[in-house]
Amino acid sequence: MHHVERSNTPGILIEKQHIWTKPWLDHYYHGSRPKKPSSSHWLRDDIRIPLISDFSQNCGYCGCSVPSLKEKNNNESIGKGDVDHFLPKSKFPQKVYNWSNLIWSCKACNTEKWNHVPFLNPCNKDHCDMLGFISEKGEYYLKDEFKDEEGLALRFSNNDKRTFLNSEEICRQRQVLVSSLRNRFESVHTFLYLGDDLPAVCIPLMEQCLLEIKEIIAQPSFKLILQWQYQLLLIEFDAVAEKIHNQ
Ligand SMILES: [Zn+2]
């Protein structure tokens with residue numbers, strides 16, 4: 001799960017939050033009368049577009065890339081992403097139009113999560129730092145030191161069972177990404193180890209590896225690996241690229 005830095009609250013939410021929230025409070029706090037509001041202002045482009053941008057078009061829970069905007073003549077991409085309410089509308093109506101409560105999500109995670117609570121929040125850095133990553137399996141786990149902390153085990157268990165965080169397909173995709181990066185880094189390290197003995201014919205191969213590494217880590221993919229490992233790869237990439245260009 002990648003930590004997501006949130007942008008500032010969109011102006012329209014600052015302006016309308018109070019007005020738009022009131023019918024939800026009236027519905028849930030007054031014996032379900034009046035009727036549940038049918039409006040979904042969170043789907044407006046001036047709310048959804050900055051949200052999608054904050055999440056780099058990836059589902060906040062499982063990391064899969066979800067098509068973002070309606071594309072003309074491409075109905076396939078419509079409606080595969082959802083605006084999820086981290087704290088569900090039915091239980092926390094006061095948060096319905098709270099910017100920090102909105103999470104860009106794939107339909108599968110949003111549906112599975114439904115109105116369950118609690119979950120680890122991808123916008124909470126502490127929550128993300130509590131997770132470890134088993135690169136061989138492409139799986140996330142809750143680090144041992146947090147297992148006894150009140151509520152955290154339940155939160156992680158919900159993410160594990162009620163979102164697609166550790167689903168077979170997503171884990172497989174993560175494994176592929178991690179191993180393709182590893183293979184390329186190992187090749188580059190082997191070339192570098194040869195130093196002056198590196199045959200000239202290998203230089204284009206090494207440059208090709210570097211280019212492929214660069215392309216992989218440039219993807220705004222939340223599937224990749226934990227944020228800190230991703231940052232390490234970026235640092236390592238720069239160091240390796242510099243060495244090569246200085247040769
Ligand atoms: Zn998802």
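The legends below describe close-up views of one predicted model. Residues are numbered from 1 along each chain, as its sequence is written. Because the model is predicted, local features need pLDDT of at least 70 and side-chain atom pairs count only at pLDDT 80 or more, while totals for chains, interfaces and linings use all residues.

**View 1. The chain has 8 helices and 4 strands.** Helices (H or I, at least four residues) and strands (E, at least two) are DSSP runs, numbered from the N terminus. Along the sequence their pattern reads α-α-β-β-α-α-β-β-α-α-α-α. Of the 247 residues in the chain, 26% are buried. A residue is buried if 20 or more other C-beta atoms lie within 10 Å of its own, exposed if 12 or fewer, and partly exposed in between, with C-beta atoms placed from the backbone. Two residues are in contact if their C-beta atoms, placed in that way from the backbone, lie within 7 Å. Among contacts between residues at least 6 apart in sequence, 68% join residues at least 24 apart.

**View 2. Helix α6 covers residues 168-194.** With its 27 residues, α6 reaches 39 Å from its first C-alpha to its last, close to the 39 Å expected at 1.5 Å a residue. The expected span of a helix is 1.5 Å times one less than its number of residues. Buried residues in α6 are I170, R174, V178, L181, R184, V188 and F191. After α6 comes G195, with a positive phi near 55 degrees.

**View 3. Helix α6 packs against helix α7, which covers residues 202-218.** The angle between the two helices is about 150 degrees, and their axes are 9 Å apart. Axes are lines fitted to C-alpha atoms, for helices over the stretch in contact, and angles run from 0 to 180 degrees between N-to-C directions. The helices α6 and α7 are therefore roughly antiparallel to each other. Angles under 35 degrees count as roughly parallel, over 145 as roughly antiparallel, 65 to 115 as roughly perpendicular and the rest as oblique. The crossing of α6 and α7 is left-handed. A crossing is left-handed if the near helix is turned anticlockwise from the far one by less than a right angle, and right-handed if clockwise. On the α6 side, the residues that meet α7 are L177, S180, L181, R184, F185, S187, V188 and F191. Their partners in α7 are C202, M206, C209, L210, E212, I213 and I216. Sorted by class, this contact has 11 nonpolar, 2 polar and 2 charged residues. Ala, Val, Leu, Ile, Met, Phe, Trp, Tyr, Cys and Pro count as nonpolar, Asp, Glu, Lys and Arg as charged, and the others, Gly among them, as polar.

**View 4. R184 lies in helix α6.** R184 has 20 other C-beta atoms within 10 Å and so is buried. Leaving out residues up to four places away in sequence, R184 touches C209, E212 and I213. R184 and C209 are 25 residues apart along the chain, yet their C-alpha atoms are separated by 5.6 Å. Q208, placed in helix α7, is 24 residues from R184 in sequence and 9.4 Å away in space, C-alpha to C-alpha. Q208 counts as exposed because it has 12 C-beta neighbours inside 10 Å.

**View 5. H41 sits in the loop between α1 (11-29) and α2.** With 17 C-beta neighbours inside 10 Å, H41 counts as partly exposed. Its contacts, apart from neighbours within four places in sequence, are W20 and I47. The C-alpha atoms of H41 and L13 are separated by 9.3 Å, and the two residues are 28 apart along the chain.

**View 6. S53 belongs to helix α2 (residues 45-54), and S56 to the loop between α2 and β1 (81-85).** S53 has 13 C-beta neighbours inside 10 Å and therefore counts as partly exposed. Its C-alpha atom is 9.2 Å from that of W104, which is 51 residues away along the chain. S56 is also partly exposed, with 15 C-beta neighbours inside 10 Å. The phi of S56 is near 45 degrees, a positive value in a residue other than glycine.

**View 7. W114 lies in the loop between α3 and α4.** Although W114 is not a glycine, its phi is positive, at about 45 degrees. W114 is exposed because 10 other C-beta atoms lie within 10 Å. P118 is found in the loop between α3 (107-113) and α4 (125-129). The peptide bond from V117 to P118 is cis, with omega near -10 degrees.
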